[in-house]
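Please consider the structure shown below. The paragraphs that follow lead through two of its regions in turn.

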Amino acid sequence: MTETDSPDGRIASLIEKLTLQEKIDLVHGDRDPAELATGYLPANDRVGIPSLSLVDGPMGVRAVTATAFPASIALAAAWDTDLAREQGETLGTEVRGADQDVLLAPGCNIIRVPECGRAFEYYSEDPHLSSRLAVATIESVQSAGAMATAKHYVANNQERQRHAVSAEIDERTLREIYLPAFEAAVKEADVASVMASYNRINGTYATEHERLLTDILKDEWGFDGFVVSDWWATTDAVAAAHGGLDLDMPGVPVHEWQESESRIHEAIGALPDAAPKGTLAELAAKPWLPDGANPNLFEGSVFEDPLREAIEGGKVPETAIDEKIARTLSQMDRFGMFDDEQPAGSVNDPAHETVARRVAQRGTVLLQNDGVLPLDEDLDSIAVLGPNAEAAKIGGGGSSEVDPTAAISPLDGIRERTDSGTTVTFERGVERIEEPHDEDDGALGFSVPDAIDDALSGDDEEPSIDAAARAAGSADVAVVVVQDNASESEDRSLWLPNEQDRLVAAVADVAEKTVVVCNTAGPVRMPWAGAVDAIVETWYPGQEDGHVTASVLFGDVDPSGRLPVTFARRTDHYPASTEAQYPGIDLEAEYSEGVFVGYRHFDNADIEPLFPFGHGLSYTDFEYTDVSVESGDGPAATVEVTVENVGGRDGYEVVQAYLGQDDPSVERPPEELAAFESVELAAGEETTVTLSIEERDFAYYDEDGAAWTVDDGEYTVSVGRSSRNIVATETITVADSTIVE
């Protein structure tokens with residue numbers, strides 16, 4: 001093999017042939033002629049560089065009609081890395097089937113505040129669970145021939161003022177909570193791309209953050225892929241070039257980006273005559289561009305003319321641009337793009353629908369059940385109620401939206417599942433909740449003006465809570481389907497919109513049995529929890545919504561999900577509960593809760609949650625016996641536990657192991673998730689589960705020493721069914737302090 005035949009030699013030879021302008025063309029995006037890609041890097045036919053197409057998103061391929069998978073938080077609720085691999089491989093296959101190269105997923109951000117409008121796109125409040133799922137997803141997406149992108153790096157934990165807010169965060173908290181999933185994506189999964197987020201971190205924009213992008217990501221972790229900006233996130237060419245950004249996207253103003261289908265154009269075309277008219281550039285300055293919208297939408301790439309001028313003026317060395325191009329081209333070479341070795345893939349394969357359904361079923365969490373579920377087969381009547389019960393809850397708004405070939409609603413799923421002897425009635429109860437994609441494009445941060453017709457329900461009669469209550473009172477069981485309307489670019493209220501809480505309370509007051517099915521992006525307030533018989537959390541289940549809902553309600557499958565987030569009794573019980581913490585003051589959000597995020601905070605503050613992290617009921621019963629914990633060499637441990645399904649149904653159990661230091665030298669959470677495994681057990685079956693607790697699980701990040709450190713002393717290993725349902729504890733001793741490499 002000659003030097004130019006090696007991957008590095010091939011890339012270096014290509015870059016050597018490029019003019020400066022051609023190099024500039026390879027560090028920013030352009031308009032996709034096919035108008036399919038979310039981001040597009042044009043080919044250079046002169047030297048033989050193919051084009052690169054990047055596409056949203058974590059819940060399905062956005063470019064074409066495709067399978068709409070459940071939300072990432074639903075996948076996380078299954079607590080199953082094998083299932084994540086199955087979905088990831090299927091998703092990667094669809095990316096290639098759509099003739100796209102890079103998937104802009106998964107979202108690795110921690111759910112710090114439940115109000116986050118993109119909570120449904122992320123996995124969990126816990127870095128360990130998020131890391132395991134991120135690695136499984138990335139490896140499987142890439143095994144199917146598509147590049148994966150770990151996003152949004154880093155601390156993009158709120159949508160409110162996301163383009164300017166600064167996450168004021170200390171190094172230990174950053175290392176222990178917000179970086180681990182990204183670190184695992186790089187070190188374990190060899191992710192092809194990392195997306196720099198919109199927000200600032202300690203005052204510096206993520207796209208310009210040399211410490212995060214270069215010192216930590218590239219130098220410390222050894223990331224050899226390319227760093228891409230979030231769309232229209234880059235503001236300073238020189239700072240971003242020196243900071244470590246490699247590819248600026250989308251590289252064109254919004255009115256040139258997928259021009260014929262841009263929702264900006266749709267919005268402008270729908271404006272009434274009295275609305276301001278003019279060119280897009282003029283409209284950019286109009287007051288209907290809302291506060292907090294992306295300020296760069298109408299701008300071209302700073303990696304175009306400004307970067308070329310900076311190079312020509314000596315502010316950025318041309319060799320820095322060569323290195324950026326090499327990172328992108330090396331990944332293209334790695335995935336066979338230069339030799340036409342990419343797999344073909346497929347979209348909308350019936351087998352993919354099966355995967356989507358299974359993931360949604362496995363991620364469904366039975367929060368509460370007073371013996372009403374599963375429903376009897378011989379019910380005479382069921383009242384299905386709720387503002388959107390006749391529509392599938394495919395997903396949230398923004399860049400994760402998917403256009404599925406088919407979808408089934410909870411109402412239709414229940415009707416399909418019951419026989420002719422069961423009467424199924426439907427009442428909306430309250431006004432229909434407009435889905436985010438009905439009225440805006442969260443990816444752009446624009447709200448379509450109110451003048452656009454929003455009468456989407458087609459109802460001839462006004463919905464009525466009284467009518468819903470009458471239907472509930474005359475049925476054997478009332479199933480109330482509630483939902484929120486989360487979207488990218490804005491955060492959500494934890495209260496259900498459109499008086500749904502009043503609807504549930506009215507139904508529960510008259511119904512013989514009341515089941516509430518929640519299609520939500522994350523935790524919500526449940527003032528009616530004590531009045532209803534059962535609560536089922538299905539998150540955003542995707543196109544198989546109705547099939548999933550019916551199969552869980554009637555017990556065709558066991559609701560095997562466990563909560564990846566904590567549900568609080570009150571909004572001020574969550575850790576970031578002050579204005580300074582969230583949404584921040586003067587565009588600074590103080591992460592003063594430190595490492596006490598999610599259940600770590602509830603445990604440390606001794607606050608009883610409504611439903612704890614890891615919680616989830618089943619239609620069968622499990623028994624734990626013979627729990628043992630063996631210390632390994634150094635700070636490590638092996639946990640063994642026998643789990644038996646002692647009930648009469650098949651089901652899944654999620655065995656969870658938590659670790660806490662008994663007398664820490666620094667303030668630490670009482671316990672932290674260290675290992676888990678989901679196991680399927682037939683009725684009467686038992687198995688021995690073995691969990692490994694690694695050295696890093698014992699460590700905290702010592703800011704003074706800039707190292708992961710394990711103190712000597714006693715540590716408690718807790719094994720249980722949730723963070724608050726512990727069945728056994730064992731104490732082990734670490735003899736010597738350790739610096740973790």
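Helices (H or I, at least four residues) and strands (E, at least two) are DSSP runs, numbered from the N terminus. Residues are numbered from 1 along each chain as its sequence is written. The model is predicted, so that local features need pLDDT of at least 70, side-chain atom pairs count only at pLDDT 80 or more, and totals for chains, interfaces and linings use all residues; side-chain values use heavy atoms, with hydrogens and water left out.

Asp80 is found in the loop between helix 3 (72–77) and helix 4 (81–97). Asp80 counts as buried because its relative accessibility is 11%, where buried means under 20% relative accessible area, exposed over 50%, and partly exposed in between (1.4 Å probe, protein chains only). When residues up to four places away in sequence are not counted, Asp80 touches Leu133, Arg362, Phe676 and Ser678; contact here means heavy atoms within 4.5 Å. The side chains of Asp80 and Arg362 are also joined by a polar contact of 2.9 Å.

Two strands pair if DSSP finds at least two bridges between them. Strand 25 pairs in the antiparallel sense with strand 24 (residues 700–702) over 3 bridges, and Ala707 is the bridge partner of Asp702. These two strands form a hairpin with 4 residues between them, and Ala706 in the turn has a positive phi of about 50°. Strand 25 also pairs with strand 28 (residues 738–740), in the antiparallel sense and over 3 bridges; there, Thr709 stands opposite Ile739.

In a regular strand, side chains alternate between the two faces of the sheet.

Key
Polar contact = N/O pair within 3.5 Å; in protein donor to acceptor, adjacent residues only side chain to side chain.
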